[in-house]
Amino acid sequence: MIQSIEKKKYSEALIPELSFEAQALRGLSVEDQSLFQLFGKGKKVPLPFHAIHYAIEAQVNEHPGVVAAVHQGKEITYKVLNEQAEKLAYVLKTNGVTKGDRVGLFAKRSIPMLVGIFATLKLGAIYVPQDIGVSKMTRLNYIMDVADIKVVLTLSDFQERVPRRENATTIALDEVMEQNLIVDERHVTDIEVGLQDVCYLLFTSGTTGNPNGVQVTHGNLCNILLTKPGNLGMRPGTKVAQLLNIAFDMAAWEILTCLAHGGTLLIRDKDIVETARQANVIIATPSVLSLIDPAKCPNIEAVAVAGEPCPLSLANKWAEVCNFYNSCGPTETTIVNTMQLCRPKADRITIGTPTPNNTVYILNEKMQPCTIGETGVMWAGGLCVTSGYINNDQKNKERYALDPFLGEGKMMFRTGDLGRWTYDGQLLHLGRMDDQVKVKGFRVELDGVSSVIEGLPNCKRAATIKLDDRNLVSFAMPATVSEEKAKEAVANHLPYYCVPTFVISMEELPMTGRGKIDKRTLLEIAKKYQETGDITVIENRGNHESDQQNPDQPSSGVDSKESLPDPNAVVLPKQKKKWLWMWKGERLMHYNRLIVATLLANIFLFVYGAQNAWWWTDTVFQLTNISYAVLANIGLAILIRQQYVVNILFGIATSVPKSWSLSIRRLAGKVYHFGGIHVGGAIAGTLWFGFFSYALSQHFFGGLGGVSLPTISITYSILTILIAMCVMARPSFRAKQHDKFEAMHRFGGWSSLLLFWAHTAFFINDQTVGINFGQTFFTSIGFWALLIITFSVALPWLRLKKVPVNIDNPSSHVAIAKFNHVTPFAGSSTTLSRHPLKDWHSFANIPVPGESGYRLAISRAGDWTGEFIDDLPTHVWTRGIPTAGVGNIDQIFKRVIWVATGSGIGPCLPHMVAQEVPSRLVWATRNPRKTYGDKLVDEILSVQPDAIIWDTDNYGKPDLVKLAYLAYQEFDAEAIICISNKKLTWQVVEGMESRGIPAYGAIWDS
């Protein structure tokens, strides 16, 4: 076991003194030289381990029974984690993995993911993490090629998303964990690993081209994760939240620091806030942290943020309740290389001082030290400096350089951040030198956007600035440059989040006194343009000392325009084969096809029966046979809408394996069009009953006998009701007179059902003169058919309940109703009424996994909902059972886009919260926070941080077809599900289907 591993693996790694070369400090005053060394040098601290996994193995040895991780109600101890890692390491070794090989870790946050990391490190191999749920296939292909990955670790549910290679092997982590293998660890993992060996290979976003792979060594990691303050005070049993994407370097801070100190990793599943509530330590970006209320984290001890500028208000709020660290550092300097422990109620925030065994230099353009207080570029030195980019010597030469201050062949890295030292030895971060910023959660290189615009034929110069965390603004000269063409050019060359919100054309761009574009003035122009639409140029002051824009504070949580694509982006045109997309048109959608198919089946039945004398013999009508056709169609129309039958139909459709071809799954997704059978059966049943009425009349008035006056009277009463129901069910009537339609459908249906019972009794009595009526009646097909139909109709009413309801009223437009009488499944709906014999309305259930009860989002969309919101009830009536809806079909797809408007978010939310299928949301609504409340919006963002939320109050109504298409392309989805009103739903469904994209939306049938 672990005790047998040689002690030298756990000896301290001694770190040499960080001594500055005097020659490199020439040009500074004696005082500045002293401060340059004092401020720029971190503490010298020995490292307890040569490799990060040795620290984890030490915890296995010392605390084998401590829980290492918890996820989805399952947990794993350090002992079991080590055993599983040894087993996987054996499997990897048998597949040819040796020290220094790169192993793809294409997985999701999970316990098997931890096993994959630990096993790879035990072999001295290098893990290459990617979130298999969100990474595009093109990115995965590129990474596998560049990193020369021969073995990929993934999860069984995602094996199909791993790129196929003839010489590559894919291993499902969860399947290996279930295998019963006995492994002698001495023959598997007794491999020496040192400070200089690479631990993981992390790829950058690749916004402006192909992503770059950064090689992070064990020495890099041990230096930040095993020393203070980077260890954040973790110890055995400390609960650490694991919130971040595994391809993000801060995820390694969460995961490896926790395991190296014997902590318990709380792996996030659906709810960021709930995970944070249980944690002692949180590591996050400021945007993610802003979603969490510190008052709801009673156990919190330490919080660290990095990745983007932290608002002072956020730092002060958390510093009141725990040790709060503001940190900074790119991936190339190993997660972070500066940290500040923030004081409560501080009046400023800095990025602190260098972490142990590291240095930070502020240098000018000539690579000379800046004086204290002077702005310059941050360079990082010491143990934080990584081993460079893989297969990119040019980039290495641009960003890495020999460290003249430490000498001895050591390297330093240009971070690209602008900053200066304060006179008390703190670093102030002043933005990015290279204009590489984060917008909508993505890294964007502003010069890359500008260069695309400069490629337009009539454009002489362009510049792009970050207006805020959601908006870019580009400027172009001369004034004849077209805004539309500029946006189109960017959309054609770069991802959607790089497209500027505005392109402002000017005769000349303002310049600084140094002859550079004055971006501070451009920022003021952009702000003025956003507020007023006025592009009057602010006077060029010509005395700005630097070209950087003022750093913007990240938003306090994503709001109405997070991840917003450009509405003018170009989308794929409709398919040119008119017959192909016309066949997918509204009139010939599957719902209408089922109506036609049902009617055609009845026509075939009529013709076939006529040829075989089923309906008449000479002039004598076969009344009984005709009545069977009536009952079959009426019964079909009623049963197909029965709640239990509906749930069975959805259950069958959604059981189609995701491994089946998309064409089969695409068709199975159309299951919700079953209403076409209901309509077809009702129309056919009415026509058959009309034929039956005619035949019955021939018997009654033609003197053929066998039909009594009560029978013929009831017949015409039923026919009148059926015709009235069909007429009032027409879409044009229902749209204008929905209440009358519903009343007719319910009370007319009940009346006709009672009349059918009476009619059957009289008809059988007429046909069985002289025969025992009771025996004939109770054994007749008509009796049993009516019994089944009646039971089907009555069943929901047998579950009629008056239940209490608690209602939040975030605005005059919306009510959030909360129930506890039942816990429905995600994707179901519940019908509500203020009075059981009046209007009933169906709403999508919003259950929360692991909690009892559910919620409904009710928005003002008519008289009933308006009265509900204005006069909030304490109790309402429900009937029947939770019934499956169109949203359930997400289960048969690997990745979907949810498109919603207004309260259509209700049916989408439970699926997103469940996180059973990777998805992305596109939601257009009036001011979402004001209308639906912060709590609901924050819940959405906790599970969909990349959601595209369009505030129609501020930005008008979007082109949902374009938004859906862009999200579909960016997310590499298989299908789109739209929950909106009838008009918009069809626009999206038709807009996608006409482009060959599977799309689904509710059918407004009866």
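**Entry 1: asparagine 212**

I located asparagine 212 in the loop that runs between strand S7 (198–203) and strand S8 (213–217). I note that the model I am reading is predicted.

Setting aside neighbours within four places in sequence, I found asparagine 212 in contact with Leu202, Phe203, Thr204, Tyr389, Asn392 and Lys395. With asparagine 392, I recorded a polar contact of 2.8 Å between the two side chains.

**Entry 2: the sheet S29-S30-S33**

I turned to an open sheet of three strands, whose order is S29-S30-S33 and whose pairing is antiparallel. Which strands are at the edges? I identified strand S29 (806–811) and strand S33 (854–859), each of which pairs on one side only. From one strand to the next, I noted a twist that averages 20°.

I examined the pairing of S29 with strand S30 (residues 814–819) in detail. How many bridges join them? I recorded four, with the two strands running antiparallel.

Finally, I checked which helix lies across S29, S30 and S33. I found helix H27 (residues 863–870) there, and I recorded its direction as about 115° to S33.

Terms used. Residues numbered from 1 in each chain as written. Predicted model: local features only at pLDDT ≥ 70, side-chain atom pairs only at ≥ 80, totals over all residues. Heavy atoms only, no water. Polar contact = N/O pair within 3.5 Å; in protein donor to acceptor, adjacent residues only side chain to side chain. Contact = heavy atoms within 4.5 Å. Pairing = 2+ DSSP bridges. Axes fitted to C-alpha atoms, helices over the stretch in contact; angles between N-to-C directions.
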